[in-house]
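Student: Could we go through this structure together, feature by feature? I would like to learn how each one is read.

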Amino acid sequence: MSNIPAELKYTASHEWIRTEGDLYVIGLTDFAQSSLGDIVFIELPQEGDAVTMGESFADVESVKAVSGVFSPVSGTVAAVNEALIDNPALLNEAPYDAWLIKVSGAQEVGELLDAAGYEAVCKAEEA
Amino acid sequence: MGSYIPATGEERKAMLAALGLSSTEELFQVVPEQARVHELNLPEGLSEMEVARKVSGLAERNVRFRSVFRGAGAYRHHIPAIVKTVTSREEFVTAYTPYQAEISQGILQSIFEYQTQICELTGMDVSNASVYDGAVAAAEGCLMCMERRRNGVILAGTADPQVREVVETYCESRGVPVTVLPVSDGATSTDDLRAALSEGTACVYVQSPNYYGVLEDMDALVAAAHEAGARVVMGANPISLGLLKTPGEYGADIAVGEGQPLGMPLGFGGPYLGFMACRKELMRRLPGRIVGETVDGEGRRAFVLTLQAREQHIRREKASSNICSNEALCAMTASVYLAAVGPQGLRRVAENSAAHAHYLAGKLASVPGFALRHKGREFFHEFLTDCPVDPDMLCSRLAERGILGGLPVEGGLLWCCTELCTRNDMDELVTAIREVCAQ
Amino acid sequence: MKLLFERSRPGRCESIIPPCDVEQAQFSPSLLRAAAPRLPEIAEVDLGRHYTELASQTHGVNKGFYPLGSCTMKYNPRVNEEMAALPGFTDIHPLQPAETAQGCLEVLYETERLLCEITGMDGMTMQPAAGAHGEYTGLLLIRRYHLSRGDTARTKIIVPDSAHGTNPASATMAGFTVVSVPSNAEGGVDIEALRKAVGPDTAGLMLTNPNTVGLFDPAILDITRIVHEAGGLCYYDGANLNAVMGHARPGDMGFDCVHLNLHKTFSTPHGGGGPGCGPAGCKAFLEPFLPGPRVRKEESRFTFFQPEKSMGRVRSFCGNFLVAVKALTYILTLGREGIPEASAMAVLNANYLMKKLAGHYDMAYDTLCMHEFVMSLEKQKNELGVSAMDVAKSLLDYGIHPPTMYFPLIVHEALMVEPTETESPETLDDAAEAFLSILEQARTDAAHLHGAPHHCPIGRPDEVRAARTPVLRYDFGQK
């Protein structure tokens, strides 16, 4: 069973979200990292890029798969976790510390799930 | 009738019986009648002896020239004997793409060695395992440079026309606008390039030595492109890189070229070898297979296909290229060639080819009407001259003497010399030309 | 083992190239490279041994059974190699005047003609150098056709979800967007989904038939009709033509264009990843769009001509010509009876091996197959913790190249087995025994399988390390 911290919000496409002031901090869930396997590379947007709700803003690669990461909000990339570019293994080791981007000026926010709602999504996918 | 099926008639019956069938026809029952074909209009099969005679007969209908003074994208060089023996080994010839690293270390290591050699030749950081040919390498190189806000390609008009055509085909379908620069006295003018560059230019493709054999002013062209924020894809002849400044030294971002001169026969155009190398920053945009070094569970050095998440079998419609099979055996051929001749040998091939071309240009200049077209330009092993008679007529008269003359281009002749064109061959050529022109 | 560069000793000279017999050319110093490339310097004897050692670590068809599904690793006849090595072919310059290369032009013309007969097409180009390249060319035919009619709305290519990854990748390169249609329970195209997917934006459909699960789609005529009625064209991916050649032709199934893999169906060797040859063929109405030059016969002479609305070149010269020589030799050898016999035996061998394994391994589809079949290790994975990967790696210790793993994507824990027609019944029997022993071991000693292979030059390589910290060239000892 994967780790789903109660204090975070989630999407059905396996991103976690928390807020830091008016910033939205976005990462990949434990479930996502464990289904991808060892992550070998991550392609991130640049600071200042626009992200759109429901659209992919990053690619995460394992040896045999690649997966998009979808933004639950529309806004502007305020910060990028550069540490992941050099060490993508952080995404496997501590998915809830290894945030990908922080988004400012959020205009639209998609439907977010609480921990229980997200757990149901994971259970359905595992079945 | 020829066949490579081991199973005997009896064995086939037994196999069918095991399946509860009586004939192989029943295996095709699922095919609707309208899609069935009951006899193909093909000739009857042949024994090995008959087919060898028939196909050899086709080979004999071709003319093999004693002396070849034609290049223009395909070059006749000496092929060391060891190149042929190594690359005809059945293990290498009959292997598939090395997906199973544990039983493919031979192929994988040879590609790793090839990648290293291509990096050394071009002065680049990373090479892929090859693409189909030099023209496709140029096209893929240009497509590697696409950015969201920069998607235009500028092509030097001095590039090989077939390379230009392939780049245009690849760009057209991707919706990439292509601008072709004018030719200025056999070379590319930096002013023309500056005028064509814009904020939408993704890259500039320049080939040096170019189609006319001329060495472009790469320093100036690269500087102009980079000033405008565009990348440079440089096409190079790999033999010339034994001697001449590398794309890496010029500051190009991507180096591409036709690897055929590295041990592959003319073969009427193929199989050839597209090589591609780039700077580290562009590594993950490089198309096609790439071999990397790693270790196995016991810490032994091992080689694997790597960075596969770039490729079509994982990324599908989002892949930057669709390439899977490339020219692995040709890459091995190039690698054996480069190891066989070594750095001194490669330099000598380059020097002798250039020396022969310059000798021939000098001799031809003494024949009335064969003036060098681009006099002030330095050239490698090809050059364009005027021709006072019909170039096709001249070539067919030369052909009668076993000589393949220069290629008729723009009313003149594009000549090529390699290390195989000896002084005697060139003197004979010039004598023959004088005789034909005197008639 | 050592790399070429680690065997290098400065000053080991070659004697391959003679000294120059004329004065050296003088170049401006600014045009010269600063330092020589660090190419290896090796005595010929050591160079030969280096590659002998590499060869001993390479599994080819000539070393052992190679049932790699979808890749058609059939025997590569030696006479093909001998014909392609004739100096009358290898010494011919591609820009020689056509009258001095009549034999080469005839090879291209004859190969095209024979392949057209086998596929039911009218014209073909030999320019594409591999299957994916042929796909790209075929799709450009479709693109050019629609554009020539002023129909700019047809921007979508329909691809089944079971398709090889090159299909969608080629469609993107050709400027299309990809619409994926699901497969039905029998592994074929879901007809209802296809009906819903087609429309005025449909440029065409790409289909492999037999498909990637090794089954001939019995609804093929309906499929191509639905696409045609919507105004789209049908593209045949010839990857699996080896199963039906001589029995069914894509042209008769309703396809408008095709590509072939000469390095699969027509026995030319794969060379560890190429050179291949991927001719693209089409019906007459698409011929004007083919790449040029093409060859035609005028009385007894062969000449080049340029198709009137050509898409332009996709490669220099006439493609991988010497590969075409090998394929031509093969087709002439097999001939009228041999071509359908080869495909019939490919199908018989596959069914025979499948029958031997069924009941032990779960087959993805419980029906007669064509030239290949797909097994699923899902049950073993769940019950014994043994994956398709473990079975594949264990086969290496038996001297057998594993089947294709984890493809097609629509089958979990897939192993795709393609024995080809050139294997004897005893080879198939031995392979079946190996498969069954591995399954037995999965029950008694799964750990052994997790550690497989045990008798190869290396064990399983660390692919994660290779991808996380790429080392893509030798560093000459300078980290």
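Predicted model: local features only at pLDDT ≥ 70, side-chain atom pairs only at ≥ 80, totals over all residues.

Tutor: Residues are numbered from 1 along each chain as its sequence is written, while chains are lettered from A and ligands numbered from 1 in the order in which they are written.

Student: What is the strand order of the open sheet in chain B?

Tutor: In general, strands of a sheet pair through backbone hydrogen bonds, either parallel or antiparallel. Here strands are DSSP runs of E with at least two residues, helices are runs of H or I with at least four, and both are numbered from the N terminus; two strands pair if DSSP finds at least two bridges between them. The open sheet of chain B has seven strands in the order β2-β8-β7-β6-β5-β3-β4, with mixed pairing. Because β2 (126–127) and β4 (178–180) of chain B are at the edges with a single partner strand each, one side of each has no neighbour in the sheet.

Student: Which helix packs on this sheet?

Tutor: Helix α6 (residues 134–143) of chain B does, touching β3 (152–155), β5, β6, β7 (254–258) and β8 (274–278) of chain B. Its direction makes about 160° with that of β7(B), where axes are lines fitted to C-alpha atoms, for helices over the stretch in contact, and angles run from 0 to 180 degrees between N-to-C directions. Within the sheet, β5 (residues 201–207) and β6 (residues 231–235) of chain B pair in the parallel sense over five bridges, and V204(B) stands opposite V232(B) in β6(B).

Student: What does V233(B) contact beyond its neighbours within four places in sequence?

Tutor: Contact requires C-beta atoms, placed from the backbone, within 7 Å. By that rule, the partners of V233(B) include A138(B), C142(B), Y205(B) and I254(B).

Student: How far apart are the C-alpha centres of the two domains of chain B?

Tutor: Domain bounds come from an automatic or database domain assignment, which gives domain 1 (67–78 + 342–438) and domain 2 (81–335) of chain B. Their C-alpha centres lie 28 Å apart, and the contact takes 22 residues from domain 1 and 21 residues from domain 2.

Student: How many residues does each chain bring to the contact of chains B and C?

Tutor: Chain C brings 165 residues and chain B 168 residues. On the chain C side, helix α10 (residues 321–357) gives the most, with 23 residues.

How values were computed. Contact = placed C-beta atoms within 7 Å.
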